[in-house]
Amino acid sequence: MSRITVQSLGKSYGGEPVFTDVAFEVVPGQRLALTGPNGCGKSTLLKVLAGEIQADEGQVTLSKGAQIGYVAQEMVGDLLEEQLLPWVLSALPSWNEFWDEWEEAVADGDNARITKLSHRQAEFEELYGYNPDHKARTILTGLGFSEEELFKKLGELSGGWRERAKLGRVLLQGADILLLDEPTNHLDLEAVEWLEDYLLNFRGTLAFVVHDRIFLNRVGTHVVFLGAGKVVYRKGTYDEFLVWDAESAEQRQREAAKLSARIEDEYKYINKFRAKARKAAQAQSKLKKVVKLEEELKQIRYAQANSHRGKSLTFRLPEPKRGDKMPMSAVDLEFHYDGGESVWPKLNFQIFRGKKVALVAPNGAGKSTLLKLVTGELDPSGGHVQIGGGTEVGYFSQHQHETLNLDNSVIGEIRRLSDPKLTEEQVMSVLGLFLLGESFFTRNVGGLSGGEKSRLLLACLFLARANFLILDEPTNHLDIETREGLVRALQNYEGTLLFVAHDRYLLNNVAKDVWALDETGMTEYLGGFAEYQAKRKQEEACKIDPTACVVEASKEKRKLTKDEKRRKAEDRNRMYRVLKPLKKEYEKLEAELEKLLDEQAVLEKQMNDPATYENPSEALRLNSEYTDVSRWVENLMERMGEVEAKIEVATAEAEGD
């Protein structure tokens, strides 16, 4: 049993507690999500669990013989000369050495040794599978590496891909306990979803830190929340934890109101009878009682002040000035690195005012490159990008942290990057909006966390008042509360937005259109991220069972030229003009039919009444009316059938174009 038991754990830095009195237990099959605002000690707690650092108090107990998988190794020196796949496989015991021993035992006829080696083989296969090489390739492919990259030197990989390599090595080890700190940070959408599925099938014990809400809810079975006074351990998903926390907050509010009212009543009695000899002792007794009630109220209010939701980033981007109808367009756009082919075929696209477009693609497909071409950070190898004359661009890059002056103070840096005409009050107010209040003003930028640096850059973007925002992975390093605040701000943003992200919560809630980029060019999904995901799932299903997709593929319409699209639109408008009066006529006939059927039902009821036939003339009149109504019903139904046929023909023509 790979069990983790944590008792009364505490850790401080410079006399400041990072966390105190942490206690929980995790067993195989449980997947523990460590959550809380940035700076609450999640990563520090993982390091303590991994044995990387020591706690100041309390203890961590692991099951005897438990193997821990934790991404910690720095890639430096000779390690960078190693090839990716061999380095990942080096995490496992050497199969070559095992088979050398086996052959030697067989040659010697040493049955006892052969039996012992057979047991070791069974253990190896239980831990690492029958074919470690195949398993390693599967993991690395799932994390996004191509077959050609498996034998690249580690030094040839970028920082993000090295992090993937380190993660792949840890996953291959077959550890009983996995400790993962922000494993999704360098992964694209496909790799994130692959990792989710991998961890859902992991049979050991898992503790992880992520700020991806969808990942949290899919993978986590339990939550530990830090950074809110007392540490909370709850069974359930993150969303279930939030529901519980909201209900607890409401309960605390009711308790506080009830206690406040009770204390007020007790004080009224005390003040009224304190001076009267007969009641003084009773008043004094009540005073002692009130002191206890006030202490209870103080504890409830402390819990209210330290909600399990961190401080929320709440702001609204300033209304930008009205820009061009087409802020940006690209014509025959190409880009290639020295000596290489273009990253994609010639691209032609436009983005219109007010559109919110997400650019999606696997890592390495050129998303960030395209954004740099749009912003002018890179020059095209062919074609051009046109930015409208009235368009003011605001750009946020995942690598912009590198442009910050780390020796500058926070307030000095935002002044350097913003309009010098801004007043001190305006600058301070905006920093406060991004949770960088007075205590941050004089801090060095170099002392900020990754999330705090991101918020500083977002604050600068806020002050730019741009009408065309270009964002490259804006939620990296941000905690959940800050991410959700940014999502709300972008939902309400009145300008134009083009962004790259692998945060599915952001993509789902902000992108109205999705542009998918690959080596064949760009495909637009006007139904947003949901349509894009559905298409991806369909393609994945086709890879598993190609025959099931042959019929669907044959039904897919080819891409249309601009002239064909225009003609299709004209045809749709023409058919709409034909269909509209037909549908209106059908609805009118349908309403008349309902009235006649009601009238027919009334006449039938009267004709079925024996008393009707006591008056022969009345019976004849009813019979004549019923005949007329029935004939008119038949006539209406024939007319409705004719109109319905015309509607079907018109609709079929419209769909067939």
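I looked up the surface first: the protein chain exposes about 35700 Å², and carbon and sulfur atoms supply 50% of it. Accessible areas come from the Shrake-Rupley method with a 1.4 Å probe, and for residues only the protein chains shown count as cover.

I note that this is a predicted model, where local features need pLDDT of at least 70, side-chain atom pairs count only at pLDDT 80 or more, and totals for chains, interfaces and linings use all residues. Residues are numbered from 1 along each chain as its sequence is written, and side-chain values use heavy atoms, with hydrogens and water left out.

I then looked up the chain as a whole. It has 20 helices and 18 strands; these are DSSP runs (helices H or I, at least four residues; strands E, at least two), numbered from the N terminus. Of its 657 residues, 43% are buried, meaning under 20% relative accessible area, while exposed means over 50% and partly exposed lies in between (1.4 Å probe, protein chains only).

Next I looked up lysine 580. It sits in helix α19 and counts as exposed because its relative accessibility is 51%.

Last I looked up proline 183, which lies in the loop between β6 (177-181) and α7 (189-200). Proline 183 has a relative accessible area of 11%, so it is buried. Leaving aside neighbours within four places in sequence, I found proline 183 in contact with Leu167, Leu195, Val209 and Val210; contact means heavy atoms within 4.5 Å. From proline 183 to leucine 195 is twelve residues in sequence and 8.7 Å in space, C-alpha to C-alpha.
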